[in-house]
Amino acid sequence: MITLNLNGKDHELDVADDMPLLWALRDVANLTGTKYGCGMALCGACTVNVEGQPTRSCVTPVSAVVGKRISTIEAVGEDAVGKVVQDAWRQLDVVQCGYCQSGQIMAATALLNSNKAPSDADIDAAMSSNICRCATYVRIRAAIHEAAGKLT
Ligand code: FES
Ligand code: FES
């Protein structure tokens, strides 16, 4: 049994210490908004924020995040910055198929929590390892600027 702090609440999960966080979220905690893409830390679909830092849950064992604040897409609207990001995503109609977008929004929220006025270069550096097969990159960048404008 392991206790994880998920979106501000402690959850006791009956999982092995080395289970990837992504499986614990999806298959045990029933938080299925976080997606499986590559399973190798290469695509960003599985991104959640751990202590505010974007983290690839597919390669992070649950034992590594015990006692840490884990935020997932399900609660991003409860974060002041996350809510602004979510609204900007809707306003600019960023999403195409949607598969990558949980990870994109979590990465954008982490970026704007640490930098309220990112440049294009800052955005590219923060987001470049979140892959979008639908190539929504232009709208993602515009939505991050839109959200930043609401935060400054
Ligand atoms: S599924 Fe984790 S980075 Fe691709
Ligand atoms: S919106 Fe389809 S993969 Fe990004």
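In what order do the elements of the protein run from the N terminus on?

**View 1. Overall fold of the predicted model.** From the N terminus on, the order is β-β-α-β-β-β-α-α-α-α. The radius of gyration (taken over C-alpha atoms) is 15 Å, close to the 15 Å that the globule rule (2.2 Å times the number of residues to the power 0.38) gives for 152 residues, so the protein is as compact as a globular protein of that length. The C-alpha trace spans about 45 × 30 × 25 Å along its principal axes. Helices (H or I, at least four residues) and strands (E, at least two) are DSSP runs, numbered from the N terminus. This is a predicted model, in which local features need pLDDT of at least 70, side-chain atom pairs count only at pLDDT 80 or more, and totals for chains, interfaces and linings use all residues. Residues are numbered from 1 along each chain as its sequence is written, and side-chain values use heavy atoms, with hydrogens and water left out.

**View 2. The hairpin of E1 and E2.** Strand E1 (residues 2–6) runs antiparallel to strand E2 (residues 9–13), and five bridges join them; pairing requires at least two DSSP bridges. Two residues lie between the strands of this hairpin, and Asn-7 in the turn has a positive phi of about 50°. Leu-6 stands opposite Lys-9 in E2.

**View 3. Burial and contacts.** Buried residues (under 20% relative accessible area, 1.4 Å probe, protein chains only) make up 43% of the 152 residues. Among contacts (heavy atoms within 4.5 Å) between residues at least 6 apart in sequence, 58% join residues at least 24 apart.

Key. Chains lettered and ligands numbered in written order. Buried < 20%, exposed > 50% of the residue type's maximum accessible area, 1.4 Å probe, protein only.
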